[in-house]
Amino acid sequence: MEHFEPDKQKLILKEYGKNIQRLVDHITAIEDRDKRTQSAYTVIEIIKQLNPTIKQENDQKLWDDLYIMSDFKLEVDAPFPMPEKELLGKKPLPIGYPKGEVRFKHYGRNIEKLIEGAIKLEDDEEQEAAIIFIGQLMRSFHSTWNRENFDDAIILDDIKTLSKGKLHIDLEKVKENGLFESNTHRDFKPPLQEERTNSKNKRSNHSVKRRPNNGHNKKRRN
């Protein structure tokens, strides 16, 4: 007598296992919509108990998986609508890459975007601060490509070129204050701090006085 094995149960989503798939098949076959909806909520809670790592924000994914396991036949009053079956297996849209060539590749496209944002600034002080920040970035990027010493005028010329002459800052001001050097402010101490250190030094000098010699340090005579 030949023995035939029963057909294996089709697992649509293998990560949930056979038992969950059986529950989904069972509730899908329930005729009463209210009971079917209540049973669907129960299955969702069972899945959460079996997978404690699942967080609240993943509820929509759980309901989507429930619909998928029912082969999109489960009709219930769920908090999330049934996803479209056509979306399954659909290839994602290709990622759009920015068009147009970068004028200075060693700076990158982000510098161009920063310059575009700086041009839109109406306040003169804010725009100057933006130019200084951009100049510091451009100097650091430039140094990775060319380690030789170069003049700040190169950075200013590049800013002028990229901004089409809309951004400008005085070259002498940049050089005298070292505005394009990212570590400019580290070399200087705040005035208050200098005054405090000077006052402390004065106090220490006044407090340390030579004690009068009352003859205690004289050698004893034998």
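## Starting at Leu 11

Where is the place of Leu 11? Leu 11 sits in the segment before H1. This is a predicted model, and in it Leu 11 is partly exposed, with a relative accessible area of 25%.

Setting aside neighbours within four places in sequence, Leu 11 is in contact with Gly 17, Lys 18 and Gln 21. Leu 11 and Met 69 are 58 residues apart in sequence, yet their C-alpha atoms are 7.9 Å apart in space.

## Helix H3 and its cover

Let's turn to helix H3. Of the 11 residues in H3 (residues 59-69), 9 are buried, so this helix is largely enclosed by the rest of the structure. Among the buried ones are Trp 63, Leu 66, Tyr 67 and Met 69. What covers them includes helix H1 (17-28) and helix H2 (33-50).

Just after H3, Asp 71 takes a positive phi of about 60 degrees.

## Salt bridges across the chain

The count of salt bridges comes to 6. One of them joins the side chains of Arg 33 and Asp 77, at 3.0 Å from N to O. This pair links distant parts of the chain, with Arg 33 in helix H2 and Asp 77 in the loop between H3 and helix H4 (109-120), 44 residues apart. Arg 33 is partly exposed at 34% relative accessible area, and Asp 77 is partly exposed at 40%.

Another salt bridge pairs Asp 152 with Arg 139, their closest N and O atoms being 2.5 Å apart. Here Asp 152 belongs to helix H6 (residues 152-162) and Arg 139 to helix H5 (residues 124-145). Asp 152 counts as buried at 12% relative accessibility, whereas Arg 139 is partly exposed at 24%.

Methods:
Residues numbered from 1 in each chain as written. Predicted model: local features only at pLDDT ≥ 70, side-chain atom pairs only at ≥ 80, totals over all residues. Heavy atoms only, no water. Buried < 20%, exposed > 50% of the residue type's maximum accessible area, 1.4 Å probe, protein only. Helix = DSSP H or I, 4+ residues; strand = E, 2+ residues; numbered from the N terminus. Contact = heavy atoms within 4.5 Å. Salt bridge = Lys/Arg side-chain N within 4 Å of Asp/Glu carboxyl O.
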